[in-house]
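These are my notebook entries on one structure.

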Amino acid sequence: MTSKYNQEQSSIRCSTSQIPVFQQAICLLQDYLEHLGYQAQIHFELEGCYRILTANGQHKKLNFTMINQFFRSIGIDGEIVNEYWQNQWEYVSLFNGQSPLKEAMNLHRVITSLPQWFNQFFQKDGLVETLINPVVWSGDRGKLAFGSQNIFSHDTRAVHIPNAVQLNVSVLNNQGENLIAKDDFGEYLQYCFLRTSLECSLLYLPVEAAFDRLALKTRYGLAQELCSPIDISGGHQGSVALYKKFGKHNQLMGEEPLLYDKNSNILAVHHNWQKTARIEHRLGAASIDYNPFINVIYGLLNIIDAVNAYEKKQHVIPNEVIATALPPSLYSDVGKNGTLGAIDLFNMSSWFSDGINLVQEKQTGLKANSELDCSMMIGDKIKQIILNNYQVNFVKA
């Protein structure tokens, strides 16, 4: 397994000194939602790969039991599991009732410390190279047999593995009910994410390699092997998916066992899809530069838009939402029909910064003794921090 972007030199990773302002914004948005009577539930899934460097080149499969026990001991609400491709892993968030802020802190610790932890727990197996990259080049070998989803042919060509970060979102009301399952709220929240995903693609596609991930299926003829999304699309199988009764593979959602036999085999099940209904934003690219705090802010802002419309009974969904192409690069190409890149799209838009600013204004009005620093609006400050990473000045729309 080789990695084209292995341990790439990154100048855009946010420094620890910037984290407090992100945390402040998340707390601001969380408090505002709670004031309205709602609770946001946000969970991450992060994919990556590993390679064990041994003297004899022997292939080994890691057992993640110990590292998951370690996660529990240090308060990380998640676990590492094996993913589909050889030597591919996935960090899966657990539903422990953690706040969006705690969820962002969990993923931040995993992204920054997992290489060290892998080597700490698997040193007897050899040196472990941990790959948190949008694409792991030649990460596996094999081609699926025609028409099959799990049977491989004798073709052993290299497969370039795309790795994603998924953002899962649901919303509870004061009665603890999941709003995604009620009154078309889920459809409207999905529409909010579809509407903002293009201008905010910089947040979840933070490096140029992320755009190579989007082109894998067409550029290398891997459409049958790979199911990662390539555009902004809805429904229950798109890149911004709404899971209610049915999941991504048309499976029934929310399966709960009702009856077991004497050997603990399940005899009867009930499908409580209302409990598991959620929006799954599947466009994010795995990267050491992926910022969980910023993406939690993005999720909360969409939730706030949906809740405000729901409160006013203005959550009207267009009859048809057409799939939209993502930008082909971080950078604009003036010579290619004026194609805008992710940086310029984010810089030219104001939804992200204005949304934070508006909640800040409302919250300072609600709190007589607010500790918020209003010398510069938090939304403007965070937008400038993001653009500073690419040496771009914030243009006030």
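I count a charge as sitting over a ring if NZ of Lys or CZ of Arg is within 6 Å of the ring centre and within 35 degrees of the ring normal. By that rule I found the charged end of Lys-383 over the ring of Phe-346, 5.5 Å from its centre.

The model is predicted, so I note that local features need pLDDT of at least 70 and side-chain atom pairs count only at pLDDT 80 or more, while totals for chains, interfaces and linings use all residues. Residues are numbered from 1 along each chain as its sequence is written, and side-chain values use heavy atoms, with hydrogens and water left out.

**Salt bridges**

Side chains of opposite charge can pair when their charged atoms come close. I took a salt bridge to be a side-chain nitrogen of Lys or Arg within 4 Å of a carboxyl oxygen of Asp or Glu, and the count came to six. One of them joins Lys-102 to Asp-77, with the closest N and O atoms 2.7 Å apart. Lys-102 is in helix H3 (residues 100-121) and Asp-77 is in the loop between helix H2 (65-73) and strand E2 (78-82), so this pair ties together parts 25 residues apart in sequence. Helices (H or I, at least four residues) and strands (E, at least two) are DSSP runs, numbered from the N terminus.

I then checked accessibility, where buried means under 20% relative accessible area, exposed over 50% and partly exposed in between (1.4 Å probe, protein chains only). Asp-77 is buried at 11%, and Lys-102 is partly exposed at 27%.

Another salt bridge joins Asp-305 and Arg-195, with 3.6 Å between the closest N and O atoms. Asp-305 lies in helix H9 and Arg-195 in helix H4 (residues 185-196), so parts 110 residues apart in sequence are tied together.

**Aromatic rings**

Rings of Phe, Tyr and Trp (its six-membered ring) pair if their centres lie within 6.5 Å; planes under 30 degrees apart count as stacked, over 60 as edge-to-face and the rest as tilted. I searched the whole structure and got 18 aromatic pairs. Phe-70 and Trp-117 have ring centres 5.3 Å apart and planes at 75 degrees, so they are edge-to-face. Phe-70 is in helix H2 and Trp-117 in helix H3, 47 residues apart, and both are buried. I also noted a cluster in which ring pairs link Tyr-50, Phe-64, Trp-89, Phe-118 and Phe-122.

**Positive phi**

Most residues other than glycine have a negative phi. I noted Asn-87, not a glycine, with a positive phi of about 65 degrees. Asn-87 lies in the loop between E2 and strand E3 (88-93) and is buried at 9%. Lys-313 has a positive phi near 55 degrees, but Lys-313 is exposed, at 72%.

**Enclosed space**

Strand E7 (164-172), strand E12 (278-285) and helix H9 (292-311) each supply at least two lining residues.
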